[in-house]
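Subject: Structure handover

Dear colleague,

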Amino acid sequence: MLKDQFGRIHDYLRISLTDRCNYKCLYCLPQPEHLDDSIKGDCNSHGSDQMSTSEIISLAKIFICEGVKKIRITGGEPLVRKDASMIIRELGMTGTKLVLTTNGSRIHHFMDVFKEAGINSINVSLDTLNRDLFHKLTQRDDFIQVKNNIQLLLDHNFHVKINMVVMNGYNENELADFVEWTKEEPVHVRFIEFMPFPGNKWQPDRVIHAGEMLEIIARTHSEIIKLEDGVHDTTKKFQIKNYNGTFSIITTMSEPFCGGCNRLRLTSDGKMRNCLFSKTETDLLSALRSGEDVSLLIRSCLAGKHFQLGGNSGVSWGLEETSSHRRSMMGIGG
Ligand code: SAM
């Protein structure tokens, strides 16, 4: 069992299949001067510094032996990796609960793979319901494809969560529209407070905090019901009375939810991070390649986990120069 010094059991691993993405989201892709060397190439080229299919499976199995019960496949955009189908199928065979986060652009190519791998819950990122703004935010005119793919998931009874990063001046005026989407469809919209990462144009006045989001939603929806949150939940969950779906808020900025954290991360180049905002990482891929004891490294990485926000503090912690492994969200695996 993977327990940290605060008694938190860690049984949830997020594996990044790639640090590349086919979208250039304004709030995610670092500006060129901040781009990690590893993410300057195109989507389909993977150097030897990246985990191969078999290395991903080997490391996943070691984590599972150590007590991991749930794996989230993420990236970059996981579905742009050439061997994504094979990796998803093989992870499915490990018997762990498998889920995925995607920008939604390539879902239609993977429906059979998801089913074969036993995936029935998928998070899709969608920051706007306006086609022009979608283009502006992602640099791709894919709104219709993504919306159709979300419908495809719903038609096939997947549990669908929508991740919307709320940014003042861009999409805060769409909060009510997203909530209205939950009236007929069983979608679970998650409003995410805009977080700072190196080079992502974060500014304090671009953040809309949870309280403000709720105020905006309450202007059009009076019957907001607070739902119960699970101990490991990263969200505060709500529902409008008699609506089919739910909405929730990820309050990393206004009210970090680290107390119940059970998450570990593995970057696409095989580095373990004990927190999204961790200042250090542990090179599991090199250890695997040289035959070292990976389990031992996993345990010692977890032993160094801080209680909150990777040991960072202050409003712009994600931008701190002191961080020795300053990666973008794409480089870590969101
Ligand atoms: N490509 C996939 C996708 O689009 O969902 C997976 C990777 S993406 C980095 C994972 C999640 O991180 C997305 O939901 C995205 O909206 C979120 N994200 C990226 N940068 C963020 C930021 N600065 N603040 C809050 N959320 C962010």
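Please keep in mind that this is a predicted model. I begin with helix H1, which covers residues 53-66 and so counts 14 residues; from its first C-alpha to its last H1 reaches 20 Å, close to the 20 Å expected at 1.5 Å a residue. Among the buried residues of H1 are Ile56, Ile57, Leu59, Ile62 and Phe63, and the buried set also includes Thr53 as well as the charged Glu55 and Glu66. After H1 comes Gly67, which has a positive phi, near 125 degrees.

The ligand is the other part I looked at. It is surrounded by 20 residues, of which Gly76, Glu77, Ser125, Met195 and Asn200 are the closest. By class, this shell holds eight nonpolar, 10 polar and two charged residues.

Glu77 places a polar side-chain atom 3.0 Å from a nitrogen atom of the ligand, whereas Asn163 has a polar side-chain atom 3.1 Å from an oxygen atom of the ligand. In the case of Thr102, a backbone N or O atom lies 3.3 Å from a ligand oxygen atom. Taken alone, the ligand exposes 550 Å², and the protein buries 95% of that. Two or more residues of the shell come from each of strand S3 (97-102), strand S5 (159-166) and strand S6 (187-193).

Note on methods:
Residues numbered from 1 in each chain as written. Predicted model: local features only at pLDDT ≥ 70, side-chain atom pairs only at ≥ 80, totals over all residues. Heavy atoms only, no water. Helix = DSSP H or I, 4+ residues; strand = E, 2+ residues; numbered from the N terminus. Expected span 1.5 Å × (residues − 1). Buried < 20%, exposed > 50% of the residue type's maximum accessible area, 1.4 Å probe, protein only. Near = heavy atom within 4 Å. Polar contact = N/O pair within 3.5 Å; in protein donor to acceptor, adjacent residues only side chain to side chain. Areas by Shrake-Rupley, 256 points an atom, 1.4 Å probe, with all protein chains shown as cover.
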